[in-house]
Amino acid sequence: MLVSIIDYGSGNLRSAQKAFERAASDNEITTEIVLQRDPEEVLKSDRIVLPGVGAFADCRAGLDAIPGMIDALEEAVIKQAKPYLGICVGMQLMADRGLEKTVTDGFGWIAGDVNKIKLSDPTIKIPQIGWNTLDIIGNHPLLADIETGENGLHAYFVHSYHLECKNAEECIATTDYGGPITAMVAKDNMAGTQFHPEKSQKLGLSLIANFLKWKP
Amino acid sequence: MTLKVRIIPCLDVADGRVVKGVNFVDLVDAGDPVEAAIAYDAAGADELTFLDITASHEERASTFDMIARTAEHCFMPLTVGGGVREISDIRKLLLAGADKVSVNTTAVFNPDFVAEASDKFGAQCIVVAIDAKKVSGEGEEARWEIFTHGGRKETGIDAVEFAEKVTSLGAGEILLTSMDRDGTKAGYNIPLTRAISDAVKVPVIASGGVGTLDHLVEGILEGHASAVLAASIFHFGTYTVGEAKAHMQAAGIPVRMVT
């Protein structure tokens, strides 16, 4: 199996690659994890991961700077229905638009905008930085055998914006930060996490292993 | 709210090695950042901060390698600070595996750097480290100023005003060190921590002066910090991260217990 982690200058590439390698070896999954800049190679891969650290517009510009990459992602994920995992901004890019500083188009795969976290309590700090638990709304194979809920495992979040889903069923997990914040989205063969599985120890490695085994 | 309060061990590094030793019994090589990070990861640390005290530009390359090796083995958040002057420094640290980058002197002398970095990498990635020292006398209203170069150089800049300024420019977090307390084991400077925590809308990490587990609790409950950083109490095995978390939990602070 060939897993492509899209290399478009985003920050957490290497951490993501190492976490995928660890999850694969821990679960005896034979796979090749490749950092990929070539759209042609993306089309040949079996699974696609879009990591992302940074501002929405800057990440989008990084993808646009690789000729053919956006088209290759559309072809591989939407037409060929290859399993896709977006991480942090890689998840936010699945939305219609990002509203961070300027209005930037996303891929339009998950209906909704990426907006600043709105707080009812002014004493709560933005960004949300740290470990929080997940509240599951819809069962999903990526969450199989992972303890969630108030007494479950923690995921690592570091973000000021989140994807506000227009279709409630596409938000499959939230986290409580002065109210429910979108933690995970999914639709058909694609999924995205606002938290960083590559930095979330046990929960993260389990989720990555589930993604490698996922047959949507 | 279920976001947990973070406990952050801080490691000083030079030339890609941890200095000011880490005295864990089971470490083969206390100077190896990967060994130290693995031990802290297993102990339940919520994040690690590496402070690069490397003097020369040439040695800085070894820091990138150190972060890369650490990120290969530890699937936990890493913050790196020290000597960050250029946008390219931040990109290199992130590519190596850092999650957040801490900016200190550069933010003091060129605040616009904070805005540029935040636009590029997002506020969540940019920490401004503030070293503050009390400048008001006995009986006067408390006032703190920014010091640079390890607390040796005064700048005349008011610490609370500076914190408000850099967060408005896009800093996503403040790492606040009290120069009066650093290394004293007398506890965080609570009035300073509270003044800055209450003034800014981003998380503040309290630093400088931890000697007991009660000090960690005070930093959160009285100082209003979002996270606590400590070095020597953990490095020298005075307390484990697990003991610190149990103590904070007993005081009613939400923490991530790792079993």
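Visitor: What should I know before I start?

Guide: This is a predicted model, in which local features need pLDDT of at least 70 and side-chain atom pairs count only at pLDDT 80 or more, while totals for chains, interfaces and linings use all residues. Residues are numbered from 1 along each chain as its sequence is written, chains are lettered from A and ligands numbered from 1 in the order in which they are written, and side-chain values use heavy atoms, with hydrogens and water left out.

Visitor: Why is B:Thr79 called buried?

Guide: Buried means under 20% relative accessible area, exposed over 50%, and partly exposed in between, with a 1.4 Å probe and protein chains only. B:Thr79 has a relative accessible area of 4%, so the residue counts as buried. B:Thr79 sits in strand S4 (residues 78-81) of chain B; helices (H or I, at least four residues) and strands (E, at least two) are DSSP runs, numbered from the N terminus.

Visitor: Which residues is B:Thr79 in contact with, leaving aside its neighbours within four places in sequence?

Guide: Contact means heavy atoms within 4.5 Å. On that basis the partners of B:Thr79 include B:Glu47, B:Phe50, B:Lys100 and B:Val127.

Visitor: What makes H3(A) roughly perpendicular to H4(A)?

Guide: Axes are lines fitted to C-alpha atoms, for helices over the stretch in contact, and angles run from 0 to 180 degrees between N-to-C directions. Angles under 35 degrees count as roughly parallel, over 145 as roughly antiparallel, 65 to 115 as roughly perpendicular and the rest as oblique. The axes of helix H3 (residues 56-64) and helix H4 (residues 69-79) of chain A come within 7 Å and cross at roughly 90°. That is why H3(A) is roughly perpendicular to H4(A). The contact is made by A:Arg60, A:Leu63 and A:Asp64 of H3(A) with A:Met69, A:Ile70 and A:Leu73 of H4(A).

Visitor: How do you know which strands pair with S14(A)?

Guide: Two strands pair if DSSP finds at least two bridges between them. Strand S4 (residues 84-87) of chain A runs parallel to S14(A), joined by 4 bridges, and A:Ile87 has A:Thr193 as its bridge partner. Strand S13 (residues 180-187) of chain A is antiparallel to S14(A), also over 4 bridges, and there A:Val185 is partnered by A:Gly192.

Visitor: Which way do the residues of S14(A) point?

Guide: A:Met190 and A:Gly192 point one way, A:Ala191 and A:Thr193 the other, and all are buried. In a regular strand the side chains alternate between the two faces of the sheet.
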